[in-house]
Amino acid sequence: MDRSGKPVYAQVEVYNTKTFDFRIIEGNKATSLPNGSYELVTSFGDARDERATVGGHSVTVSGATKTTFDARQGRPVNVSLSPNPGSGYDHMVSAYVCTSDNDPANMGTSAPAGDLYVIPTSSKAYELAYGTAYQPQSATGGDFWLASATHRGGVPSGMSATLKQSGLTAIKVSARSGPDSGQARFSFHYQTTGGDACPMSTNSLMFQRELPNSFTAHLPPGEWQVGQQSHDFIFDGDHNYAAGTTTSLTLGHAVWGPGGRLPNTWYHQLYFGDINLFADPTLPGGGTLASGTVTLTHAGKTLYSHTYTHLDGIDAHPVIPGAGWYTISETGRRSLPSGSLSTTSSLTLHFYADPSKNDQIRDYITRFWPDALNSRNQAAPGSTTTVVLGMQRSGTGDGTISQLSDSVKSVRAWYTTDDGATWHATTAKLSGGKWTIAVPNPASGRVGLRSTVTDTHGDSSTTTVYNAYAVS
């Protein structure tokens, strides 16, 4: 029942503590359940306004059983941040009731400050995660603030808390346009540590901004996964961000190109790996719009060929006939609005493989890093752009697969200003452990990049990205 005593629709998560049966049932509706002890949690709103209530309690089912969540028993949840971010922000509070044994039952919600209530319980089977969020009212500028905490050993009779800015971490984001454009949805998802899943519920931040854009997300310290979704979608694994620190992330930096781990042999099969032809340098997972072809050849014969779409993966593991030299050729395209960057890429790996051994192949994937581009990944007309050639050899993460030692013997590089009709050679220089090239930019247009890396064992790789960056 809502805070006026009227029945309202709600879903209730129900967990049997003996059989571990978990299900979601509807309130104000009879449901058949086996006899037993259950933990229940729910969240629901009032019929006519924004007020919301969360709660949890345990029930023993034996024959006909009735239990009630009554929002009139709810007590206010008031959470704020100190110092206050100031005017121009929408202030939201959140509360989630979770079971303390980390079973699947946990529910909650967010509401404007002053409109959220929690039904108290002294049962130590439950705990309360609560938080506050300040989001700028402007759709174009301003930072974001999120703070949270957890009350254990029952759900208190209301919650009034002031959380400190000094306990947060700051992720400073510069989101460029070019490889992607338009409205982008940014996501920050917290990953639990120590087995306590309840804080994951309050620690989630999602919003939209027009690319390019810059902002800072002030978040509770811990493991976070960052993502950006516009026409395409990029993300990365979990990274730890410590309290009191500031971390800078540049998203959408040119060039989105081939990245990921190299192929490996495994019991007479060749696993192509998770090479993503349109990986963002900072958030290398994604590039979901890609479609193209992949082939494997050996001794003049095609052993494997596949045309994939953005709905398919390019990973494969064909059986290979014996020790010798193999070539994997991958090409990819992305369907994007006119003027977009990193629209086509390719990767060719020529390598020696022995199917009787479980080894990762030798080779290098070039990641292009152009310096001194603006927020739209543009260089100044007639300028010279220094491009760092990152030599990428990511391992498989599997201890049963050996990563063979390797080193670079030679690097050759080219650039194009006419979409590949003409390729111009440029000298690759090694200094301070980095390979770089200097690209003379035209008066306007786009620049494509290509690199061939040969290692000391004779393996070679060629990486190509069209429309790598713009000149304007």
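**Entry 1: the disulfide**

I looked up the torsion about the S-S bond of C98 and C198 and found about 80°, so this disulfide is right-handed. C98 sits in strand β6 (residues 89-99) and C198 in the loop between β13 (183-191) and α1 (199-202), so the pair ties together parts that are 100 residues apart in sequence. The sulfur atoms of C98 and C198 are 2.1 Å apart; a disulfide here is a pair of cysteine sulfur atoms within 2.5 Å. I searched the whole structure, and one disulfide turned up. For strands and helices I used DSSP runs numbered from the N terminus (strands are E, at least two residues; helices are H or I, at least four).

Are C98 and C198 buried or exposed? Both are buried. My cut-offs are under 20% relative accessible area for buried, over 50% for exposed and partly exposed in between, with a 1.4 Å probe and protein chains only.

**Entry 2: a note on the model**

This is a predicted model, so I kept local features at pLDDT of at least 70 and side-chain atom pairs at pLDDT 80 or more, while totals for chains, interfaces and linings use all residues. Residues are numbered from 1 along each chain as its sequence is written, and side-chain values use heavy atoms, with hydrogens and water left out.

I found T140 in the loop between β9 (126-136) and β10 (144-151). T140 counts as exposed because its relative accessibility is 61%. What does T140 contact beyond its neighbours within four places in sequence? The partners are R209 and N213, where contact means heavy atoms within 4.5 Å. I also checked Q208: it is 68 residues from T140 in sequence, and the C-alpha atoms are 9.1 Å apart.

H298 belongs to strand β25 (residues 291-298). With 18% relative accessibility, H298 counts as buried. Not counting residues up to four places away in sequence, H298 touches L303, P321, G324, W325 and Y326.

**Entry 3: the largest pocket**

The largest pocket has a volume of about 710 Å³. Of its 27 lining residues, I25, G27, N28, K29 and T67 are the closest to the centre. A pocket is an open set of points on a 1 Å grid over the protein atoms alone, where a 1.4 Å probe fits, with protein on both sides within 12 Å along at least five of seven lines; lining residues have an atom within 4 Å of a point. Grid points are joined across faces, edges and corners, and the volume is the space filled by probe spheres set on them.

Which strand gives the most to this lining? I found that β3 does, with four residues.
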